[in-house]
Amino acid sequence: MNPNSPSVAFLRVFLPAVLLILVGIWFWAEQGLSPWAFSVLLIGLAALGARQIVRGRRDERRAEQEFRAIFDHAMVGMARSDTAQRCLEVNPALCRILGRSNDELVGKAWPELTHPDDLAMSQANFERLMAGQSDGYSMEQRFLRADGSVVETHVSVRAIRSASGRNKSFAVVVQDISNWILAEREWEQSAKTLQRFIDHFPGTAYVKDADSRILIANRGFVRQLGLAPAAMIGRRSQDFFPGEFGEKILADDARIMASGQTEVIEESFGGRHYQSTKFVIPRGDGTADLGGITLDVTERRMAEQQLYQRDRRSAVFLELPIKAEALPEKDFMQYGLECAEELTGSAVAFIHLVNDDGNSIELVAWSRSTLEKYCTAAFDKHYPLAEAGIWADAVRQKMPVVVNDYAAAPGKHGLPEGHSVLLRFLSIPVMDGGAVRMVAGVGNKASDYTDYDVETLQLIANETWRIVRRQRIENALRLAMQVVNASPVVCFRWAASEGWPVVFVSENVKQWGYTPDDLKAGKPPFSELVHPDDLSRIADEVSRKTAAGLDGYEQEYRLLTAENQVIWVVDRTIVRRDAEGRALFYDGVLTNITERKTQQLAVSETLAQQKLLNKRLEEAHNQLLQSEKMASIGQLAAGVAHELNNPIGFVHSNLGTLDGYLHDLMAIIEAYDKLAGEMGTSFPALEKVLRLKDDCDFAFLKEDIFSLLSESKDGLGRVRKIVQDLKSFSRVGEQEWQEANLHQGIDSTLNIVWNELKYKCKVIKEYGDIPPVFCLISQLNQVFMNLLVNAGHAIENQGTITIRTYRRGDDAVCVEVSDSGVGIAPENLNRIFEPFYTTKPVGQGTGLGLSLAYSIIERHHGHLEVESSLGKGTTFRVILPVHQGKTAERESVETSL
């Protein structure tokens, strides 16, 4: 029984009162109390019992309130379960933890809420609790929320037993430890991440405690000491570096821990150079650890030495062009030799040229040290390559030759008397255009020659040759320019970069009012030298021909002189490219062809005028043919209309008279019917008349005859409209400018061609609000007829033609004729307005319709546009000005005269 239940609380209060009443009865029976005394005793006992009941209930309510305050407001989940593991009552915290409501949890068994992976252990602990083997248990257990998510918890279960030891219920406390689990996992992940992070450090990285024992180490120790990071933990530096070096490391660690300052320490061990960065890592409890990163900087030290040498070599390269300007050729080559001698640490050095035949050598220069201290042998300045020593193998093999033990070198020649003794030497070839042009060598270095020495000598020799070759070319060019400057041909070099800057131009460019210095300074730039009308053309041609890999090209274009005069030049250019084929320079000559070009242009202009005149004559001829054709059609239409007018007139008049007669006849018949009704059916003759009316269905005839008459009048009106349209269309020969209603012109034209369209085309009119247009309406009708007929021909079976008009701007109107036909192929769109061009089969089109339409629209100062898509249709758009200019007005006056 629950000690807090209402029944137990009642017994605690009521039982003492009952005992007191029993004691009072005993006193009354045994002691012989008077009724009055016994009544007083009973009243006192009753009052005492009532007081006990009131106090018991008050204590019970207080205890219940305290329990509920704790139970309902606890931060952890709390529940009471029965022996079947069903929840009897739960607090709000447990509902939040498990993501379920109170109603969902009460009556629910704990195994239903437990994660399947934790169910076996939970059941085992509960079974031990039920068996009395324990009073309770605690474990980490996962539960499933209502939404399927998993919550990590710590569960404590305690048994509530009776005095006899029987399990009555169980108290369960559930604490959400998801954040703790997550934090623990994140800490473990952070530790692993830190280890992986420092494992990728260059060199060795570590953390030591205050006693210099290693707490964390990276994989760098595997490379440096052959020890795994785990084997380093807890050990000190002396365990790996015994002796003075280990003592020094300990002393450095102690000093840095005491000062708290970061230090960078350079040290050497085992022939290697190291750089250690050590720093203090404070802890939260006031203690500190020591962190360190040690890098092997041996290669860096060597690189620094090489960098110094390279800096010195770079300085030499910068000095060579300057020396070349100040020294004669032979002295300059000797200076380059002495620089190579210094940089390679050699005692002797030489440079020799290879003649053009490739079989002989010209001895050119030796260093002063070689001539003064080592070599006094006499020699010829020229001798065959085949007789040269093994130093000339660099020429024969076209590759550097390094001999670090000359005495043991195979194939060496004997040295002439007076020649310096060779211990070791290095010789290299200088290549130009695939052939060896020069050989340079150094010798007698104190140590072996290295690849760096080969590279140094090669670079200095190449640069020396480049400068010497350039100076020789410049000298030759100087002589050539004296010849060029005396001629009318202007030589140039443009750089193949943006704007084509001038690199070189001959002095005779002054004949055009420019100076070479100004042009090389970009005054004016190339874009201002060329006539604006030719600039884009020649730029495009140069770009295309350069991209195509051409070695040269020829162009004709106009140049502007400094006095802004126009001259024609022919430009013959050679494209200079690098080894990869990229254009570097454009070298060429410009020849003035103004006189010849003027004559050519005059001939070309005359020819162009003749062609234009022929074209205009052809267009006039075509228009005349079409105008005569349309005039003939107009005369025929006018004649037909005139001839039809008379019969149409008297038929229309007769139909009006007939309509009156019919009404009179019907009035007479109605009078006879009225009389017959009054006379009755006693007359046999009257019966015969009535029978005849029935046989002839007189009632139907009476109604239908007027319908027939109305339809005949309507048909006759349509015929009169067609005749009127024929008369309107017959004015094709008129050439008078006037304001006209385009909608009326379109409608009349549509009536003319309707017979050709009506069987397969549905015509939709989308007329907008457009003003009258000042035009030659007969010619515009001809345009509309051509567009409508072409639209009908484009529709093979059934389709739609849409005629749309609208305003376009303030002083223009637009007429669109769209069809849903087969469309026009893109390759034909640019030719449809050419005379005699047609896509129709032979015999079905002349190719003049659209050409004449285009000419008519041009005469009206308008535009004829076309848009088409294969399989979807075509739209022709006629754009016309509402008002014409002075030309049209003058033409109208001339026509009227």
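**Rings and cores**

Mentor: Start with a charge: the charged end of arginine 493 sits over the ring of phenylalanine 585, 4.3 Å from its centre. Keep in mind that this is a predicted model.

Trainee: And lysine 323, which ring does its charged end sit over?

Mentor: The ring of tyrosine 335. The distance to the ring centre is 5.3 Å.

Trainee: OK, ring on ring now. How many aromatic pairs does a search of the whole structure find?

Mentor: The search gives 13 aromatic pairs. Take tyrosine 406 and phenylalanine 425. Their planes are at 65° and the centres are 6.0 Å apart.

Trainee: Why is that pair edge-to-face?

Mentor: Because the planes are at 65°, and an angle over 60 degrees counts as edge-to-face.

Trainee: Where do the two residues sit in the chain?

Mentor: Tyrosine 406 is in the loop between β14 (401-403) and β15 (425-432). Phenylalanine 425 is in strand β15.

Trainee: Is tyrosine 406 buried or exposed?

Mentor: Buried, with a relative accessible area of 8%. Phenylalanine 425 is buried too, at 4%.

Trainee: What about tyrosine 553 and tyrosine 586?

Mentor: They form an edge-to-face pair, 6.4 Å centre to centre with 65° between the planes. Tyrosine 553 lies in strand β19 (residues 552-560) and tyrosine 586 in strand β21 (residues 583-592). The pair therefore ties together parts that are 33 residues apart in sequence. Both tyrosines are buried.

Trainee: Which residues do ring pairs link into a cluster?

Mentor: Phe492, Trp494, Trp500, Phe526, Tyr553 and Tyr586.

Trainee: Switching topic. How many residues has the largest nonpolar core?

Mentor: It has 37 residues. Leu742, Leu780, Ile801, Phe876 and Val878 have the most contacts inside it. Elements that each supply at least two residues of this core include α22 (742-757), β25 (799-807) and β28 (873-881).

Trainee: Which element gives the largest share of this core?

Mentor: That is α23, with 9 residues.

Trainee: Back to valine 878. What is it in contact with, leaving aside neighbours within four places in sequence?

Mentor: Val783, Leu787, Val813, Cys814, Val815, Ile857, His863 and Leu864.

Trainee: And which residues are among those of the other core, the one apart from it?

Mentor: That core has 29 residues, among them Cys339, Val430, Val442 and Tyr449.

How values were computed:
Residues are numbered from 1 along each chain as its sequence is written. This is a predicted model: local features need pLDDT of at least 70, side-chain atom pairs count only at pLDDT 80 or more; totals for chains, interfaces and linings use all residues. Side-chain values use heavy atoms; hydrogens and water are left out. Rings of Phe, Tyr and Trp (its six-membered ring) pair if their centres lie within 6.5 Å; planes under 30 degrees apart count as stacked, over 60 as edge-to-face and the rest as tilted. Helices (H or I, at least four residues) and strands (E, at least two) are DSSP runs, numbered from the N terminus. Buried means under 20% relative accessible area, exposed over 50%, partly exposed in between (1.4 Å probe, protein chains only). A charge sits over a ring if NZ of Lys or CZ of Arg is within 6 Å of the ring centre and within 35 degrees of the ring normal. A nonpolar core is a set of buried Ala, Val, Leu, Ile, Met, Phe, Trp, Tyr and Cys residues joined through side-chain atoms within 4.5 Å. Contact means heavy atoms within 4.5 Å.
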